[in-house]
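Here is a short report on how two chains meet. Look at the structure first, then read on.

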Protein chains: 2
Amino acid sequence: MGILRAVRFKDQAFQLREDAILNAATSTLAAKGFDLMTMDDVALAVGISKPSLYKHFKSKDDLVGEAMIRLIDGALVYLEQIPAELSPVERLRDLLAWALRVRLGGGLPLMPSTSAQVRTMLTSNLRYIRRVLKLNGVLEKIVQDAKARGELRPELPDTVILFSYYARTCDPTVDYLRMYAKMGDEEIVEHLLGVFFRGVCPST
Amino acid sequence: MGILRAVRFKDQAFQLREDAILNAATSTLAAKGFDLMTMDDVALAVGISKPSLYKHFKSKDDLVGEAMIRLIDGALVYLEQIPAELSPVERLRDLLAWALRVRLGGGLPLMPSTSAQVRTMLTSNLRYIRRVLKLNGVLEKIVQDAKARGELRPELPDTVILFSYYARTCDPTVDYLRMYAKMGDEEIVEHLLGVFFRGVCPST
DNA sequence: GTCTATAGCTGGATAGAC
DNA sequence: GTCTATCCAGCTATAGAC
């Protein structure tokens, strides 16, 4: 039992460090992007040496994959906790607002628009794909409910709505507005939601 | 005069090769992105050797910068040629449709959402910045005209409209729809325009 | 101006001591 | 499990022959 507890402690410390690594990777990724993020960057941010990283993650791709998986899991958790009173489209709006706030707070975009290499790397990560498909399933259901209630334009295919929705989580408009328009975070979120749901033209 | 003509011929050949290099760089960039595109790729595609590339462009950054400049110039030329009868918002729609078709045809996104390094590289390219500012000036004017006519929602700041507009030219929705929804190019363009101008919700 | 060959560097990944 | 030191691949960029 003493041994068991020691093992537990060790595992706990190991787990804590792993979280610290993932946090560092996430913020570095958000700041510099995949290619400019080096394993040295992450090791330095965590305060350990590069080879120690490789005790936790067998490659850079693996590390980034885990960070993305954790993010998707965060979205799934957030979705479950949204008040049931909200209508489908209100739920979509709420989740997107959450994702944009995460990003504005230095987190990752939910979907990596980035480079072809990142996409290739992620699409060969089966665990990541499983999570994405799960999230996609949940969102597809919400979109269909919203359509059935007339909350979404019926002539738009579900795929168009869903993919446009995902793309908003990595929309560079966020960065442009912050950098060049000096706009506050909440204002940015509101405008992005407004443009996505209502468009830029007046609803005559 | 014989000499002059010889020089002219040489210049012409030089110019032709330069165009070929820019074409190769453009399509390689569109296909693989900045970091995965190597100078060897471009040299191979053009059919010359790598050092010859450096006779035309002094660095990879320079080459990519010129490709982007040529793209912006293309947009400016296209804008000038749009029929004057079109209303401001119809002009915005027409130009965006053009940009999306260029991209679907294997060209570059007008604005590089890509990585931080690309943005850093381009923002330190004065000639590129000048072109972008020029294009931005023209588009800002069109947006203001459209607003004055009530063709755009008046409560949206110009910056929100403009930056959202730019972001649509590098919207990954395009790629998602092509890859996963097997949608035709024209249909993709129509849907993207529809979502941008009218939103996903019905205009009650 | 074109090539072959190579310098020089960066960054992912690992060997081996402790 | 952690570190120091290092390997090695791949890439940009250039030297130098023709």
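In which loop of chain B does B:Lys182 lie? B:Lys182 lies in the loop between α9 (173-180) and α10 (185-198) of chain B. Helices here are DSSP runs of H or I with at least four residues, strands are E runs of at least two, and both are numbered from the N terminus.

This is a predicted model, in which local features need pLDDT of at least 70 and side-chain atom pairs count only at pLDDT 80 or more, while totals for chains, interfaces and linings use all residues. Residues are numbered from 1 along each chain as written, chains are lettered from A and ligands numbered from 1 in the order written, and side-chain values use heavy atoms, without hydrogens or water.

**The loop residue in each chain**

A:Lys182 is found in the loop between α9 and α10 of chain A. Its phi is positive, in a residue other than glycine. B:Lys182 is not a glycine either, and its phi is also positive. Exposed means over 50% relative accessible area, buried under 20%, and partly exposed in between, with a 1.4 Å probe and protein chains only.

| Residue | Phi | Relative accessibility |
|---|---|---|
| A:Lys182 | near 50 degrees | 72%, exposed |
| B:Lys182 | about 45 degrees | 71%, exposed |

**How the chains are related**

Chain A can be laid on chain B with an RMSD of 0.1 Å. This takes a turn of 180 degrees and a shift of 0.1 Å along the axis. That is the relation of a two-fold axis. In chain A, the C-alpha nearest the axis belongs to A:Gly199, 1.8 Å from it.

**The interface**

The contact (heavy atoms within 4.5 Å) takes 49 residues from chain A and 48 residues from chain B. The area buried between the chains is about 4200 Å², and carbon and sulfur atoms give 64% of it. Buried area is the accessible area (1.4 Å probe) that two parts lose on being put together, summed over both. In chain A, A:Arg153, A:Tyr176 and A:Val200 lose the most area to chain B, together 17% of what that side buries.

The count between the chains is 2 salt bridges. A salt bridge is a side-chain nitrogen of Lys or Arg within 4 Å of a carboxyl oxygen of Asp or Glu. A:Asp171 forms a salt bridge with B:Arg168, with the closest N and O atoms 3.2 Å apart. The largest share of the side of chain A that touches chain B, 7 residues, comes from α8(A).

Notes: Copies are superposed by least squares on the C-alpha atoms of residues with pLDDT of at least 70 in both.
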